[in-house]
Amino acid sequence: MTAVREVDAVIVGAGFAGMYMLHRLRGAGLDAQVIEAGDGVGGTWYWNRYPGARVDIESLEYSYQFSEELQQEWEWGERYAPQPEILSYANHVADRFDLRRDIQFSTRVLSAVFNETSNRWHVTTDKGEQLSAAFCVMATGCLSSTNLPKFEGLQNFKGDWYHTGLWPHEGVDLAGKRVGIIGTGSSAIQSIPQLAKQAAQLTVFQRTPNFSIPAHNKDLDPDYVAEVKSRYAELRAANNLQPGGFGSRTEANEASVFEATEEERQLQFERKWQIGGFGFLAAFGDLLLTKDGNEFAADFVRAKIRNTVKDPVTAALLCPKQVIGCKRICVDIDYFETYNRDNVTLVDVKEHPIERITDKGLVTNGVEYEFDVLVFATGFDAMTGSLAKIDIRGRNSMPLVEKWAAGPRTYLGLGSAGFPNLFTISGPQSPSVLTNMICSIEQHVNWVTACILALRQRGLTTIEAEVAAEDAWVEHVNEIASMTLYPSCNSWYLGANVPGKPRVFMPYVGGLPVYAEKCEEVARNNYEGFVLA
Ligand code: NAP
């Protein structure tokens, strides 16, 4: 029989959440072990290596703030860092804080089962190991479980196929190839311009067009970097007061879109368009609150698309009909311009879904399209997908997937009743994907570390969400989401991209500052809503 290794904490995942959790728990004197499926750190930035992958929040803000030395010494090259640069940063962090010695790579956690007698988590891996831990921290990421729709006949395809989220590390040579890409979300919108430059022909299969704002990416000006670094703490503090944990330097406008004249609206939208990026949605304070107000912004972007794309039929197909911002807004480099290339074709699969994959390509609307390479940019089983892959069982052997069958049920997105000492970093029903993820990760990790220390100082063993507190939190999360336009379209925020997944809005829309204050208040009030034992 394999010996059971005793540790204080098991952390699942060595992305930005797992790495920082390890650093903090180690600093608190705990013996923590990270288990990571990949053979390197970086999480989503380790797996997503498709051409064009880059962050959509400015690099100087999409980075850790816990170490002043780290943020002073690291040099970002571009306004929006490309994936290789972010992965280098993750590796630098792992080396700088000597994290690797407590990370076991190339290993998957298969199960995590709570033992009610010992009050410990029993964790097994695909390498046959068994660990016993007082605490189990799921740092499994929100967008790490890829979604590959069950297209009939995929096994027959004679060419090569790839999912953007599992792109080969050695890259793919597309020179002279006929490439088909399915999907037009952020991954597709970033990769399509790059794939079009490499391939002989690129055919894009679009089910739902998306809104995208130009990144206006550029090399960072050294004077600007020096200026940010001279008052980095100030910038971080200001960002932590923003709903999304970023963007304090780009002026947000609280005014209502209805109060502006048509000319003022156009001027404001144009200013935001020229700045580029997510800030576009902060052009007015109420763009995500009413359909009529939202329509002003949506119309502005649709006009930009029609002005950019020369073929009117393609331009019309590329114009989204849904509310802008309801699906996560994309940030691009030359996305719409790419449709002016002779080697790029857009095919609508909304009216006529993809019927099947054949040995040569795929069929839609009775027409077979032939390819050498197929790219699935079909997204992720977001927020809960990676947790569901692990057999997590709490009290009475209750599987987490069963408890969450009708949608996630958590208290603060940090824990779930019946699952003591199990923490979900950036879990569902926390601000997570609606924010600068690294900022939300640090807030969660700091809270969990303080919580574990508080338990230890008081000689307590377990912390567990109360059912009533959890019910109230779930209701609150749903209630405030229903006050926005978010639930009005089929997005991965709602699980609507995965057939059979319950349609529940998963992130907390109340913003990071309000949420962080709520977490602090809970801690101050002796972890109100949790049972400490
Ligand atoms: P996504 O937004 O879920 O997009 C998936 C695409 O595949 C959608 O266009 C979807 O169409 C399409 N699709 C799915 N199943 C299909 C089917 N059976 N037939 C035809 N089309 C199908 O996934 P993603 O692009 O990977 O992005 C997910 C999230 O990851 C982003 O929203 C973002 O948060 C993050 N991300 C960020 C960046 C970045 O800029 N830093 C880059 C990539 C990803 P429907 O819309 O009709 O479902």
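Guide: Contact means that heavy atoms lie within 4.5 Å, and with that rule Ser-491, leaving aside its neighbours within four places in sequence, is in contact with Cys-326, Lys-327, Ala-496 and Asn-497. This is a predicted model, in which local features need pLDDT of at least 70 and side-chain atom pairs count only at pLDDT 80 or more, while totals for chains, interfaces and linings use all residues. Residues are numbered from 1 along each chain as its sequence is written, and side-chain values use heavy atoms, with hydrogens and water left out.

Visitor: Why is Ser-491 called buried?

Guide: Ser-491 is found in the loop between α15 (467–482) and α16 (512–524), where helices are DSSP runs of H or I with at least four residues, strands are runs of E with at least two, and both are numbered from the N terminus. Buried means under 20% relative accessible area, exposed means over 50%, and partly exposed lies in between (1.4 Å probe, protein chains only). Ser-491 has 3% relative accessibility, and therefore counts as buried.

Visitor: What makes Pro-507 count as buried, and which residues does it touch?

Guide: Pro-507, found in the loop between α15 and α16, has 0% relative accessibility, so it counts as buried. Not counting residues up to four places away in sequence, Pro-507 touches Met-383, Gln-429, Ser-430, Pro-431, Ser-432, Val-433, Leu-434, Val-477 and Tyr-493.

Visitor: Why is Arg-302 called buried?

Guide: Arg-302 lies in helix α9 (residues 291–308), and because its relative accessibility is 9%, Arg-302 also counts as buried. Leaving aside neighbours within four places in sequence, its contacts include Phe-211, Glu-295 and Cys-319.

Visitor: What makes a set of residues a nonpolar core?

Guide: A nonpolar core is a set of buried Ala, Val, Leu, Ile, Met, Phe, Trp, Tyr and Cys residues joined through side-chain atoms within 4.5 Å. In the largest such core, which has 135 residues, Phe-16 and Trp-447 touch the most other members. Helix α14 (residues 437–457) gives the most to this core, with 11 residues. At least three residues of this core come from each of domain 1 (4–146 + 382–532) and domain 2 (154–376), with bounds taken from an automatic or database domain assignment. Apart from it lies another core, of 20 residues, among them Val-109, Cys-136, Met-138 and Leu-422.

Visitor: How far apart are the two domains, and how many residues from each take part in their contact?

Guide: The C-alpha centres of domain 1 and domain 2 lie 27 Å apart, and the contact takes 47 residues from domain 1 and 55 residues from domain 2.
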